[in-house]
Amino acid sequence: MYQVLYRKYRPKVFSDVYGQDHVTSTLENEIKNGRIAHAYLFTGSRGTGKTTCAKILAKAVNCENSQNGEPCNECEVCRGLDNGTIYDVVEIDAASNNGVDDIRTLREEANYTPTRGKYRVYIIDEVHMLSTGAFNALLKTLEEPPEHVIFILATTEVHKLPATILSRCQRFDFKRIQPETMAVRLEEVSQKEGITLDKDAAILIARIADGALRDGLSILDQCASRSKTVNSALVSEVAGLAGREALFELSKSISSRESSSAISIISNLYQNSYDMERLCVEMINHFRNFLIVKTVRLSRELIICTDDEYKSIQQGAAEFTLEGVINALDLFQNTLVTIKSGANARIEMEMAFVKLCDPKLNEDISSVLDRVSVLERAIKNGAEIKTAPAAEEPTPEPVVSEKVVEAEKEPAPAPVAEPIPEPESEPVPPAPVEDSQGDEPAQKASETVDEGKKEENGQVEFTQWGEFIDELKKQDITLFGILMGAKGYIMDDMFLIDSPNPTIRDFIQKNNSARTIRLALYNVTGQKYRLGIKNRPAAETKKKDPLDDLINKASTKINIDFK
């Protein structure tokens, strides 16, 4: 019967274990010096060698001819433990034997001496699955087991173990196996199996395995079933990965803001049965490489790839700002969580790329920071990029009332305001008083007004609004409160009030308020004015982007294509 590679090449001695030298060297010294503990805890991610080391340790402590802490694998005990004829080593799956009764049975069996070896070894795999009652039942035996009993606990989730269990064990943390170390092991196995494995393919398998040598050997086994010559293209096809070219094309679409190109690439990958969740993970790793290149000085040491691929990563990273890379990572991470929750993977990926190609669609703070950084870099470099001219909004024509209070022979002014009806009779204001240099106040007020900012239709901003509002406060405190926050404009002999309050016209017409305003104006300027309300443009219904104003201001210095 065919035996899969990860079982066929499972290490039988500590020296065959890859990537865990800090664990194997310590265990060898303990066995060699006779300092064997009564309880061990092996923790780490999947496929890193926890159960393998537990089995080697169980053989080593019972081996009749142990050499330098290694089992000989030739004595009767070693052979008996390998083929299952000696029952001094017991493996327990805590996922299916996690009750109090199971632990009580274990405690009763532990009192029996070993049949052939020196120790009775209990390997409890996935120990974090034990119930609370089972942990409590195990505590006393784990703390003071019989002299011939050794417990080896293995788990991938050590944080779920009670502190009382942790304090009773010697803990060993298994690290993820580095890709370069795993690639060496894959090449050794492929040589023994007569498989031609390209170096790029070995690195790609190691990257996909994510630190689990068991997963790496499984991928190699699957590729060997297709062809005895394994290259990176075959690995990508077997593992359901998007090619490296597709990843660079997708990132290029993001940097050039071409969402249609990104959607087309995703469609082609989907039609070729590429898994969209896996594509999302690959894009996260792809932009992670960009992040390393932009933030780490010696980035080559942290990115496992070929020299040609590293140059492509550097070129791709140069097309993004650091904020842009972080924004893409955030968005893809959130997309991955959404996909895992059951959403349509293809739609979620398409939405993610559309948002990245058009940052205005993404309102996250990371997206805003990305857009600001792009703008700052363009201004700093002075690069000329095609600009998309902003659409000019038409200025609404103000509505003017046909009713004119004061009959005049000269033509009416341009329709920029709605006049306030004048009262039938109005008290004559006091005569103007000349100043010390003989100039009349009206002339002085006129000069002050002329210094204001001119607007369309001949309107001039009234620069003495502060003095006017103070004078109005002395005469009518209510009217003073109504006009706070308003502005004034002069157009010929008409004084226009610009107020955000839509009821200002009706209020001024009541209680002779218009007469009070004219009197205050005369006291400040020494000149009579007709009153009118400056028409305000209709409120914008379209939501404006918060960065549009900043972009328009920057566009006066350089041309920026910021879609």
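Modeller: Before we start, contact here means heavy atoms within 4.5 Å of each other. Please also keep in mind that this is a predicted model.

Biologist: Thanks! Which residues does serine 253 touch, not counting residues up to four places away in sequence?

Modeller: Serine 253 sits in helix H12, which covers residues 244-255. Once residues up to four places away in sequence are set aside, the ones in contact with serine 253 are Glu258, Ser261, Ala262, Ile265 and Cys357.

Biologist: Is serine 253 buried or exposed?

Modeller: The relative accessible area of serine 253 is 2%. Buried means under 20%, so serine 253 counts as buried.

Biologist: And serine 45, which residues is that one in contact with, leaving aside its neighbours within four places in sequence?

Modeller: Serine 45 lies in the loop between strand S1 (39-44) and helix H3 (50-62). Its relative accessibility is 18%, so serine 45 counts as buried. Beyond its neighbours within four places in sequence, serine 45 is in contact with Lys50, Thr156, Phe174 and Arg176.

Biologist: What about aspartate 198: how does its relative accessibility class it?

Modeller: You will find aspartate 198 in the loop between strand S6 (196-197) and helix H9 (199-209). Its relative accessibility is 32%. Buried would need a value under 20% and exposed a value over 50%, so aspartate 198 counts as partly exposed.

Biologist: What separates the C-alpha atoms of aspartate 198 and threonine 229?

Modeller: Aspartate 198 is in contact with Val230 and Asn231, leaving aside its neighbours within four places in sequence. Threonine 229 is 31 residues from aspartate 198 along the chain, and their C-alpha atoms are separated by 8.0 Å.

Biologist: How do helices H14 and H16 run, roughly parallel or roughly antiparallel?

Modeller: H14 spans residues 276-295 and H16 spans residues 322-340; their axes are 9 Å apart and at an angle of about 155°. Angles over 145 degrees count as roughly antiparallel. That angle therefore makes the run of H14 against H16 roughly antiparallel.

Biologist: How many nonpolar residues does the contact of H14 with H16 have?

Modeller: Residues of H14 that meet H16 include Ile284, Phe287 and Leu291, and those on the H16 side include Leu329, Phe332 and Leu336. By class, the contact of H14 with H16 has 3 polar and 4 charged residues, while the nonpolar ones number 15.

Biologist: Last one: what share of the residues in the protein is buried?

Modeller: The secondary structure comes to 24 helices and 12 strands. Of the 563 residues in the protein, the buried share is 42%.

How values were computed. Residues are numbered from 1 along each chain as its sequence is written. This is a predicted model: local features need pLDDT of at least 70, side-chain atom pairs count only at pLDDT 80 or more; totals for chains, interfaces and linings use all residues. Side-chain values use heavy atoms; hydrogens and water are left out. Axes are lines fitted to C-alpha atoms, for helices over the stretch in contact, and angles run from 0 to 180 degrees between N-to-C directions. Helices (H or I, at least four residues) and strands (E, at least two) are DSSP runs, numbered from the N terminus. Angles under 35 degrees count as roughly parallel, over 145 as roughly antiparallel, 65 to 115 as roughly perpendicular and the rest as oblique. Ala, Val, Leu, Ile, Met, Phe, Trp, Tyr, Cys and Pro count as nonpolar, Asp, Glu, Lys and Arg as charged, and the others, Gly among them, as polar. Buried means under 20% relative accessible area, exposed over 50%, partly exposed in between (1.4 Å probe, protein chains only).
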